[in-house]
Amino acid sequence: MKKLLFLFLLATASLTLTIQAGFAQSKALSGISDESDYYKFASLVRGAKMDATLAALGTYTVFAPDNLIFRDMPSGKLDSLINDPAKLTTLIKAHIVKGKLTTNDIIKKLTLGKGKTTVINLLGQPIILSRTADNKLLLTDVKGNQAHFLAFDMADPKSVVQGIDIILATGK
């Protein structure tokens with residue numbers, strides 16, 4: 001009888017740990033599906049285990065590079081990035097700002113700023129938002145690289161995702 005009770009307790013403990021491990025998985029950018037053009041960046045965010053950092057923000061905006069950017073990376077560069085948690089976290093933080101900025105919010109800020117506005121990413125670096133001559137939204141990173149918006153206002157429970165066409169720089 002003691003053996004049976006022991007086996008029951010062991011099975012219960014094992015099941016509890018399995019369930020807890022399932023809940024411990026990252027919920028960051030859960031609104032971006034595997035079919036999205038931005039799933040690669042979302043999977044990097046989830047893999048970086050930044051849930052606590054993002055939860056502390058409340059709401060946030062992600063400027064997510066398109067999957068094609070990662071596909072076109074030189075061989076091994078993405079693997080190197082994935083295997084270096086500090087670099088990966090830095091890259092991700094360059095793409096995130098506190099607060100939800102929908103396209104309408106950005107346009108309002110641009111109107112108030114006479115065509116330009118600056119937001120600060122999680123690295124404390126400026127991201128300049130502006131419009132092109134043909135009235136398209138443009139993002140300029142800390143090194144002067146310019147990103148064009150490809151997709152707008154992808155909803156996520158705590159964030160809004162804006163799709164862009166480059167990986168943003170992480171330092172001067």
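Which helix gives the most to the lining of the second largest pocket? The points below take up this matter after the overall fold.

1. Basis of the note. The model is predicted; local features need pLDDT of at least 70, side-chain atom pairs count only at pLDDT 80 or more, and totals for chains, interfaces and linings use all residues. Residues are numbered from 1 along each chain as its sequence is written, and side-chain values use heavy atoms, with hydrogens and water left out.

2. Composition. The protein chain contains 7 helices and 7 strands, taken as DSSP runs numbered from the N terminus (helices H or I, at least four residues; strands E, at least two). Read from the N terminus, the order of elements is α-α-α-β-α-α-α-β-α-β-β-β-β-β. Of the 172 residues, 38% are buried (under 20% relative accessible area; exposed is over 50%, partly exposed in between; 1.4 Å probe, protein chains only). Among contacts (heavy atoms within 4.5 Å) with a separation of 6 or more, 60% link residues 24 or more positions apart.

3. The sheet. An open sheet of 7 strands has the order β2-β1-β7-β6-β5-β4-β3, with mixed pairing; two strands pair if DSSP finds at least two bridges between them. Its edge strands, each pairing on one side only, are β2 (96-98) and β3 (116-120). On average, neighbouring strands are turned by 30° against each other, direction ignored. Helix α7 (residues 103-112) packs on this sheet and touches β3, β4 (126-131), β5, β6 and β7 (159-164); the direction of α7 makes about 85° with that of β4. Axes here are lines fitted to C-alpha atoms, for helices over the stretch in contact, and angles run from 0 to 180 degrees between N-to-C directions.

4. Strands β3 and β4. These two strands run antiparallel and are joined by 5 bridges. Their hairpin has 5 residues between the strands, and Gly124 there takes a positive phi near 85°. On β3, Thr117 and Val119 form the covered face, whereas Lys116, Thr118 and Ile120 form the uncovered one.

5. Ser130. This residue lies in strand β4, where Lys116 stands opposite Ser130. Ser130 is buried, with a relative accessible area of 10%. Residues up to four places away in sequence aside, Ser130 touches Leu110, Gly115, Lys116, Lys136, Leu137 and Leu138.

6. Strands β5 and β6. Strand β5 (residues 137-140) pairs with strand β6 (residues 146-155) in the antiparallel sense over 3 bridges. Leu138 stands opposite His148 in β6.

7. Largest pocket. A pocket is an open set of points on a 1 Å grid over the protein atoms alone, where a 1.4 Å probe fits, with protein on both sides within 12 Å along at least five of seven lines; lining residues have an atom within 4 Å of a point. The largest pocket holds about 310 Å³ of space, the volume being that filled by probe spheres set on the points, which are joined across faces, edges and corners. Its lining includes Ile69, Met73, Lys77 and Thr170. Elements giving two or more residues to this lining are α5 (77-82) and α6 (85-94). By class, the lining has 7 nonpolar, 3 polar and 2 charged residues (Ala, Val, Leu, Ile, Met, Phe, Trp, Tyr, Cys and Pro count as nonpolar; Asp, Glu, Lys and Arg as charged; the others, Gly among them, as polar).

8. Second largest pocket. Helix α3 (residues 51-57) gives the most to this lining, with 3 residues. The space amounts to about 150 Å³. Among the lining residues are Lys27, Asp51, Tyr60 and Lys158. The classes are 6 nonpolar, 1 polar and 4 charged.
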